[in-house]
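Please read these notes beside the model itself. The points are grouped by region, and each can be checked in turn.

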Amino acid sequence: MTLVLAQDGYGPGRKLDAGLEAQVLDGCVLSPHYRQPLRNDWKELIQTFKDAGLALFDPETQLLGIPKDRMGRLREWPYWKQMLDEDALTNPLAYAQSTQALLTQQRDMGFSTVVASGPLISGWRDYEAALLDAAIDAAAQWKKSHGAETFVYVGVAITSGTLRQMSFSAPAQPEVDAGLASWLDRITRPSRTTKRRLDGFYLMVDWDDPRYELPRDERVLANLMYVIYTLSVSNDMPVTLGYTGLWSVLAMAAGAHAVATGWHVGLRRLATEKYRRHYPDGSHPQAPSRRMWLQEPLCELTQTELNSLDVKRMPPPPSDVSDTVAAAMSGRIDAISHLSDPTAEVLHNWHELRALAQERKLGVGPIRDRLAALSDYIDEAQRFAEDNLLPYGAPRGRFMHLQKWREALDLFRAIAPDLNTVDNGTGSGTEST
Amino acid sequence: MRINRESPPANVIAREWDDVTDVEYVAGGGQKSVYRAVVNGRDAALKLVRVPHDEEEGPDPEDVLAYWRREIRVLSTCQADTLVRLVDWAPRAIVHDNQLYVAYAEEFIDGPSMAEMDLPMAPSEVVKLGIDICSALSALHEKDYQHRDVKPGNIVYDQRYVLIDPGIAYSREESNITDTGCMPPGTSGFRSPEQCDYWSRYDDFDGRADLFSLGIVLAIGFAGYHPYEAIAGPHATGRSLQAAIIRVEWDPSCCPDLPAPTVPILSRLLRRHAHQRYRTTDQLSTALEGILREV
């Protein structure tokens, strides 16, 4: 099941209002960063999504350790204060106790799904892993003693730097980097306490280096898909995805699509091949890759190039795109978008697309039309900004999201090449791959 | 002081304990001797563990006693039809020839071990073995113990397949017990890659390590040879097989004799990274039940 959630409480924006107004949201993520604790204005939201939807509290524990002047109102929250006062970052026992306090606080606020989360895992460090273990065990214990009716998600945060790591020791097959593998081994570990008690993962990706953007780095995307696949399919747990930076819901759909169809395996092989180090003298068994230096974005890769790789495990492209999109969208992947500047129109398009897919009424044509409509919207918004806003001093950065949407759209088309086989001639302005 | 490494004679044991009769020596090795006996009127395997006088004479006596207590604790807390059970008999000690032994009694399983069976086994029989051992491992994993020594020699058939010898079963909660020094616990050729990871101090793993070992056992049952034999060579020793397990991702082409429906299951069991395997015994058991008809 794919859900569209909007985040509230982290910076200004009216995405939640716009989404609610258009009735296209399935839930919300409420963040404490700039909110006063224990205010009642969340109650209505929580209640709105309590029965049909998902309301999550993002504890933002991945920010533990940041400088005080960037903490916003976080220090005012009791669980956060407890974590800082007890120096929980160096003490798993204290971290576990703070986690239990955090869960109780979420339940008292009215959340039916509560999140226990560890610190940011920027690589592989023992103390971070120990704290995550403590949080997971504490969450399982808490559910046993307090929350039979409450769903408990484990919030895990990973940096894009970690997601960028790939192992090239075995070029014949896409290898998982040792750090990423250890991280996955750890968070999927079944134990007596966690085996049956935890209900899902809330996966946060922290884009710690803006030079490597999601659509422009196959390694990050391939590993992200791998993580989603491992958590959702292999471990049979629902995954909710969050971003601390802006990427679009279409990119998430692309990820879900690729996971559902198995194309993520092919993408891993592609990324392995592209980023594998070659000897300058050409002594490597395979010729040096020109692409390694060019860093072409994924959306510029054609299906022919994908097919030219000898990908043994890459499943054939699906014959019926409606089946695969339906599978992707009704699968176990919950997509969440922290849209920094969304509009009801975009959300509405997405919502309809998903509804059609779920009803399995969607063929190639309607998907293409919908994507074209999104593309048209982006063009129109871009034109409007160029003609009416920028000349009067509006900062260009305010409209950067349009470019992100464009890239995400291209990414989706690159990963779902069935959509590119026929030029629909809508004049969307997007170059067909 | 003279070191006595010989097991106490059967008649000494029968004389020492009134509730033990018909004692017959079966086997011995390391610190342990096994006798077949009638204990409290029930056929049992009586196990005596020799406790060294000091560290110079063998393993640390405290460790030996800790292992003895742990094995009893594991068997008394983890129960399944397919996991060997304790006999209702209070564990006790005996001194023979100036040597201390501690003892406990398990049910005696009168059947051959998988290591003594003709290989390859009938595929359906291997699937049943897998399901039975899943049930035994489930009982252990439920209490957060890992068996750590799943191998053909520790699987015995008596109307059903029974997992025996949880002597090195382990729980992270009890990690204060010293392990076997520089060697990772378990049997070479059957340990999972993470079991051999020195940097994790040989203890940073979970039940998925047992599933890897079970994967090797199942592959042996299906194909008749070790799944890493094609990589390590036909005359491979346990150590070279273990080296292959650590270094190489297993590929089904190494075992062309596997029945087709079993390949996806074994491929998933024998992955080098734990997160790529089945997460629980329940998942594996369900997968095996799914192919029972096909094989």
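**Notes on the predicted model**

1. In chain A, strand β2 (residues 27-30) runs parallel to β3(A) and is joined to it by 4 bridges; strands and helices here are DSSP runs, strands (E) of at least two residues and helices (H or I) of at least four, numbered from the N terminus, and two strands pair if DSSP finds at least two bridges between them. Within this pair, A:V29 stands opposite A:L56 in β3(A). Strand β3 (residues 54-57) of chain A is covered on both faces, with A:L54 and A:L56 buried on one side and A:A55 and A:F57 buried on the other; a residue is called buried if 20 or more other C-beta atoms lie within 10 Å of its own, exposed if 12 or fewer do, and partly exposed in between, the C-beta atoms being placed from the backbone.

2. Some conventions apply throughout. This is a predicted model, in which local features need a pLDDT of at least 70 and side-chain atom pairs count only at pLDDT 80 or more, whereas totals for chains, interfaces and linings use all residues. Residues are numbered from 1 along each chain as its sequence is written, while chains are lettered from A and ligands numbered from 1 in the order in which they are written.

3. Where pLDDT is low, the predicted coordinates should not be read in detail.

4. Helix α7 (residues 178-187) of chain A is largely enclosed by the rest of the structure, because 8 of its 10 residues are buried. Among these buried residues are A:W183, A:L184, A:D185 and A:R186.

5. Chain B has 8 helices and 7 strands. Its radius of gyration, taken over C-alpha atoms, is 20 Å, close to the 19 Å that the globule rule gives for 295 residues, so chain B is as compact as a globular protein of that length; the rule is 2.2 Å times the number of residues to the power 0.38. Of the 295 residues of chain B, 43% count as buried, and the C-alpha trace spans about 55 × 40 × 35 Å along its principal axes.

6. The domain assignment of chain B gives domain 1 (15-107) and domain 2 (114-291), with bounds that come from an automatic or database assignment. The centres of the two domains, taken over C-alpha atoms, are separated by 26 Å, and the contact between them takes 16 residues from domain 1 and 20 residues from domain 2.

7. In chain B, 5 strands form an open, antiparallel sheet in the order β1-β2-β3-β5-β4. Strands β1 (20-29) and β4 (92-96) of chain B stand at the edges with a single partner strand each, so one side of each is left without a neighbour in the sheet. β1(B) and β2(B) pair over 7 bridges and form a hairpin with 2 residues between them, where B:G30 in the turn has a positive phi of about 60°. β2(B) is in turn joined to β3(B) by 8 bridges, and B:N40 in their hairpin takes a positive phi near 50°.

8. B:T262 lies in the loop between α6 (238-247) and α7 (263-269) of chain B. B:T262 counts as buried because it has 26 C-beta neighbours inside 10 Å, and, leaving aside residues up to four places away in sequence, it touches B:F222, B:I291 and B:V295.

Methods: Two residues are in contact if their C-beta atoms, placed from the backbone, lie within 7 Å.
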